[in-house]
Amino acid sequence: MQCKKCGKELEENWKICPECGEIVHLDQQNEKEKYGKKPVYKRVWFWILVVFACFVGLGIYGSSLPDEDTEKETAKEAVEKEVTDFSEYDLKELLAQAESGAESIGLKRGEQENVYAGLNGSIQVVYDSGAVQKIQIKGEAENTPSLYGVKIGMAKTETTEKLAGNYPETTETEAEQKFMNLETKESVICSIAEDKVNEITYQKLSDDEVAEYEKAKEEQLRAYYIFPDSDKQYLSEDEVRSVEADKLWIGRNEVFARHGYIFENETLRQHFESMPWYQGTVPSDQFNADSVFNDFEKKNVELIKKVEDEINGNAEEQAAIDGAYNFIAGKTFHKRDTEMRVKFKESGEFVAVGYYSTWPEFVNKYASYSITARYEVYRDDQKAWLAFINIEGVEYYLRYFEGGSINLAGYGEFDGWYDLTDDISE
């Protein structure tokens, strides 16, 4: 405080200025008390209080913010709680939409950017380069969507009707049905429990998966052929002869069946209609083998027919021999208009007993016999397998008839007609 008259600096308790004797007035002292104190913001204790208050405030605010794990858990709970009614929605619609289509129907993106889910994980859609790579549907049937009309809980017998049009390739086990489209490289797998669908999975197929399936399918189809490669390579004669004789006929007609030939023969028709690869489309009277067969097929048909005829010929030859032998072996025959009887023993021995014009007296003749067959003209230029019997080096054409008659036709003493008679002891 200063003296108002001379400006002398005065002590607080001075009443008179020692310099000029001016009386110090009371209002000057009050002014000293009013303005002489330092402002609060200049006080040290004020800033101590401010700093303390800041620390306390930050602590309270910080405790109210969620940490990173809490934030993730909260977001997860929000997704799980959000349940959309998908029961009327068919997820096939997503196949033609961009990735945003998943969010537009209420699916939520998970931790992975390309994975969307809903219904507590009962629906999952995985994208790759913006296109659907995989769809999975599981859980309860009440709220889940369908895929091409197939729903959780559907009887497995209904799934083929829903999916076969878009996915023509099918495989099936007790626990799974798999439908595939090899052109679009897509598959739909239905997991089965108690004959009902309990999980549906759509998935894109890789090139390797398609190639592996086609290879397995080809190997499976080969098992339905006698000659799987008769349309694309020349068959060897050894290869043809290695096939059982009764299958050669089927193998030759496979070439026709590949081109849709409709068989009139009942046995062939039933056989090929049971084959998974056969589709009869061309009536027999409209089929032109020369125009539809390639060179492999033409040559292979010729080769199979050649071997087939040879084998069948041998069988027919043997049948002719067996038929003649079974008719005469172990039996005795009486030659008409003579007293001679002949017996053909099962061992191949021949016995003739009695009189004959060339025999001077009653004698027994013993010889061996054998039977052969040849494919020759029988009558009216028709060929057949004819039986021949050789007795003492002379060949006779042998015919036999119901009732027990036989005819030996040849240039020998046993030429003639014979009738079945009682056995002779010789």
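1. Strand 5 and strand 6 (residues 176–181) run antiparallel and are joined by four bridges. Within this pair, Thr 171 has Lys 178 of strand 6 as its bridge partner. Two helices pack on the sheet here. Helix 5 (residues 156–163) touches strand 5, strand 6, strand 7 (186–193) and strand 8 (196–204), and its direction makes about 5° with that of strand 6. Helix 6 (residues 207–222) touches strand 5, strand 6 and strand 8, with its direction at about 75° to that of strand 5. The model is a predicted one.

2. The sheet to which these strands belong is open and has eight strands, in the order 1-2-3-4-8-7-6-5, with antiparallel pairing. Strand 1 (108–109) and strand 5 (169–172) are the edge strands; each has a single partner strand, so one side of each lacks a neighbour in the sheet. As a reminder, strands of a sheet pair through backbone hydrogen bonds, either parallel or antiparallel.

3. Further along the order, strand 3 (residues 123–128) and strand 4 (residues 131–138) run antiparallel, with six bridges between them. Val 126 stands opposite Lys 134 of strand 4. The two strands form a hairpin with two residues between them, and Ser 129 in the turn has a positive phi of about 55°. On to the next pair: strand 4 is joined to strand 8 by five bridges, again with antiparallel direction. Here Ile 137 has Ile 200 in strand 8 as its bridge partner.

4. Which residues does Ser 187 contact, leaving aside its neighbours within four places in sequence? They are Tyr 167, Lys 178, Phe 179, Met 180, Thr 201, Tyr 202, Gln 203 and Leu 205. Ser 187 lies in strand 7. Its relative accessibility is 2%, and it therefore counts as buried, the cut-off being under 20%. Lys 178, one of these contacts, is also the bridge partner of Thr 171.

5. Is Glu 194 buried or exposed? Glu 194 has a relative accessible area of 78% and is therefore exposed, since the cut-off for that is over 50%.

6. Helix 8 (residues 245–258) has a run of buried residues: Leu 248, Ile 250, Gly 251, Arg 252, Asn 253, Glu 254, Val 255, Phe 256 and Ala 257. The buried residues of this helix pack against helix 7 (237–241), helix 9 (266–273), helix 10 (289–292) and helix 11 (295–328). Gly 260, which follows helix 8, has a positive phi near 80°.

7. The packing of helix 8 on helix 9 can be described in more detail. The angle is about 65° and the axes are 11 Å apart. The two helices are therefore roughly perpendicular to each other, and their crossing is right-handed. Helix 8 contributes Trp 249, Ile 250, Asn 253, Glu 254 and Ala 257 to the contact, and helix 9 contributes Thr 267, Leu 268, His 271 and Phe 272. An α-helix has 3.6 residues a turn, so residues three or four places apart point the same way.

8. The other sheet is a closed barrel of eight strands, running 9-10-11-12-13-14-15-16 with antiparallel pairing. On average, its neighbouring strands are turned by 35° against each other, direction ignored. Strand 13 (residues 382–391) and strand 14 (residues 394–400) run antiparallel and share four bridges; Ile 389 has Tyr 396 in strand 14 as its bridge partner.

9. Overall figures. The protein has eleven helices and 16 strands. Of its 426 residues, 32% are buried. Among contacts with a separation of 6 or more, 39% are between residues 24 or more positions apart. The accessible surface is about 26800 Å², and carbon and sulfur atoms hold 48% of that surface.

Notes: Residues numbered from 1 in each chain as written. Predicted model: local features only at pLDDT ≥ 70, side-chain atom pairs only at ≥ 80, totals over all residues. Heavy atoms only, no water. Pairing = 2+ DSSP bridges. Contact = heavy atoms within 4.5 Å. Axes fitted to C-alpha atoms, helices over the stretch in contact; angles between N-to-C directions. Buried < 20%, exposed > 50% of the residue type's maximum accessible area, 1.4 Å probe, protein only. Areas by Shrake-Rupley, 256 points an atom, 1.4 Å probe, with all protein chains shown as cover. Parallel < 35°, antiparallel > 145°, perpendicular 65-115°, else oblique. Left-handed = near helix turned anticlockwise from the far one by under 90°.
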